[in-house]
Amino acid sequence: MARPGYLLSPWPWRSAGYLLTGVVTGVLVLVGLVTAVAVGGVLALALVGLPLLCAAALAGVPVARLERLRLRLVDRDPAYDLHRPPAAPGLRAWLTTRVRERATWRELGHALLCAGLLWPVDALALTVALLLPLGTAATPLLMATAGDGREAKVLKLWTVTTWPTAFGVAVLGLLLTALGAYLLGVAAGARAGLTRLLIAPRDGDLGARVVELARSRVRLVDAFEAERRRIERDLHDGAQQRLVALTMTLGLARLDAPPGPLADQLAKAHEEAGKALQELRELVHGIHPKVLADYGLEAAVADAADRSAVPVDVELELPGRLPRAVEAAAYFVVCEALANVAKHSGARRARVSGGHRDGRLFLEVSDDGRGGARAGAGAGAGAGPEAGAGSGLVGLADRVSVLDGRLSLSSPAGGPTLLRVEIPCAPCELTDPSA
């Protein structure tokens, strides 16, 4: 409303539409509630009216849903539904959930307020701010039509008998219409604010929703990690053992076979089985390395450093085991960063350091490469200017954020590159990572 173009914008008309639909909604809610309570009260003795009384008690739910839709006329911010989904399908579960919610009774109070007080106020605001000014501005038209050019009644209060007076009253009506546009905005804004106070989420409700979302994200991460461990265990104990047995059988058959085409085919089959076994071991190690599950983050990082193509110095001191989700996220960040160092940085040496202090796990991966890494193109140590999209740690950064952690990257042109990870966590008691 403070903008200069407010009068020429759609907002005055949207405010008028919001108030007009409020009048219609209020009248319908009033008629519906009175009818349901009256009929239900009469028929309650025969138990037939109980469903009507129940419907009257829950009338606030559909009214609030309609109000959230109407709020879009005058408010850009969406109004979210406060209700939780029922624990089970069916009408009984839905009724049980709604009756136990505070939001249901708050919405019923809003419906009663709409039916008894708000719609008359909306009608009064529309009359004073829109209908009366427009009726005044239409004085010349009334004089030319209904008054035969001789006189016109202005708002049924006084009579105008000359054209100059009629046009003067019309100018006054236009000025009152402009003023009424602001009054409409004030009335619609106050009405929308009251509606939000009653049926939209309060700060406590939003805080509870944020906490529940954070917990659900953590539960999803834990479920994902459990599934990774199950797949790793099944591959390690099932397919990998069968390939080992197959490789041994082919090796024995190769030794017993006489020289010739059959021996050559057995040799090729033995080599292919060995390659398949090696690839499966690498796949199992990448899904969830056994050293991480058995010995913790320190041993897993040291193992990743030993397997790196670039020499890596490790300085990592931890006070025991950490939660499994934290260990897994930190480990895969380190692995991805070292992979980027080997692929893109041109570094001669890398370093992994970190520890646990002040309730947080700190990890740093640095290298002496060319630098120029970009977060969007890799977000990983040593990603390099030529690293393409998807070559770094964008997905792992999201995974760290699920744990309320932070991943930051510093990589000026010419190096060095430094990747830093911080994850809040506490050491597990009795070195139990499932705590």
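## Close-up views of a predicted protein chain

**Figure 1. Overview of the chain.** The secondary structure of the protein chain consists of 13 helices and seven strands; helices (H or I, at least four residues) and strands (E, at least two) are DSSP runs, numbered from the N terminus. This is a predicted model, in which local features need pLDDT of at least 70 and side-chain atom pairs count only at pLDDT 80 or more, while totals for chains, interfaces and linings use all residues. Residues are numbered from 1 along each chain as its sequence is written, and side-chain values use heavy atoms, with hydrogens and water left out. Of the 435 residues in the protein chain, 39% are buried; buried means under 20% relative accessible area, exposed over 50%, and partly exposed in between (1.4 Å probe, protein chains only). The accessible surface of the chain comes to about 24100 Å², and 64% of this surface belongs to carbon and sulfur atoms. Such areas come from the Shrake-Rupley method with a 1.4 Å probe; for residues, only the protein chains shown count as cover. Among the contacts in the chain with a separation of 6 or more, 67% are between residues 24 or more positions apart; contact means heavy atoms within 4.5 Å.

Figure 2. Five strands form an open sheet in the order β3-β4-β5-β7-β6, with mixed pairing. The edge strands are β3 and β6 (406-410), each of which pairs on one side only. On average, neighbouring strands of this sheet are turned by 10 degrees against each other, direction ignored. Two strands pair if DSSP finds at least two bridges between them. Strands β4 and β5 (residues 360-367) run antiparallel and are joined by eight bridges. Strands of a sheet pair through backbone hydrogen bonds, either parallel or antiparallel. Within β5, Leu361 is the bridge partner of His356.

**Figure 3. Helices lying across the sheet.** Helix α11 (residues 297-307) lies across β3, β4 and β5 and runs at about 175 degrees to β3. Helix α12 lies across β3, β4, β5, β6 and β7 (417-424), and runs at about 10 degrees to β5. Axes are lines fitted to C-alpha atoms, for helices over the stretch in contact, and angles run from 0 to 180 degrees between N-to-C directions.

**Figure 4. The largest nonpolar core.** A nonpolar core is a set of buried Ala, Val, Leu, Ile, Met, Phe, Trp, Tyr and Cys residues joined through side-chain atoms within 4.5 Å. The largest such core holds 37 residues, of which Leu297, Leu338 and Leu361 touch the most other members. Two or more residues of this core come from each of α10 (290-295), α11, β3, α12, β4, β5, α13 (394-402) and β7. Helix α12 gives the largest share, twelve residues. Leaving aside neighbours within four places in sequence, Leu338 is in contact with Ala304, Ala305, Val312, Ala350, Val352 and Val365. Another core, of twelve residues, lies apart from the largest one and includes Tyr18, Leu71, Ala125 and Leu184. In soluble globular proteins, nonpolar side chains tend to be buried together.

Figure 5. Asp313 forms one with Arg349, with the closest N and O atoms 3.0 Å apart. This pair links distant parts of the chain, 36 residues apart: Asp313 is in strand β3 (residues 312-317), and Arg349 is in the loop between α12 (324-345) and β4 (350-357). Asp313 is partly exposed, at a relative accessible area of 32%, and Arg349 is also partly exposed, at 39%. A further salt bridge joins the side chains of Glu315 and Arg351 (2.8 Å, N to O). Glu315 lies in strand β3 and Arg351 in strand β4, so the pair ties together parts that are 36 residues apart in sequence.

**Figure 6. A buried salt-bridge pair.** The side chains of Arg321 and Glu327 meet in a salt bridge (2.9 Å, N to O). Arg321 is buried, with a relative accessible area of 10%, and Glu327 is buried at 3%.

**Figure 7. Helix α3 and His110.** The buried residues in helix α3 (residues 60-70) are Gly60, Val61, Val63, Ala64, Glu67, Arg68 and Arg70. Their cover includes α1 (11-43), α4 (91-99), α5 and α7 (163-199). His110 is found in helix α5 (residues 102-137) and is buried, with a relative accessible area of 0%. Not counting residues up to four places away in sequence, His110 touches Val63, Glu67, Arg191, Thr195, Leu198 and Ile199.

Methods:
A salt bridge is a side-chain nitrogen of Lys or Arg within 4 Å of a carboxyl oxygen of Asp or Glu.
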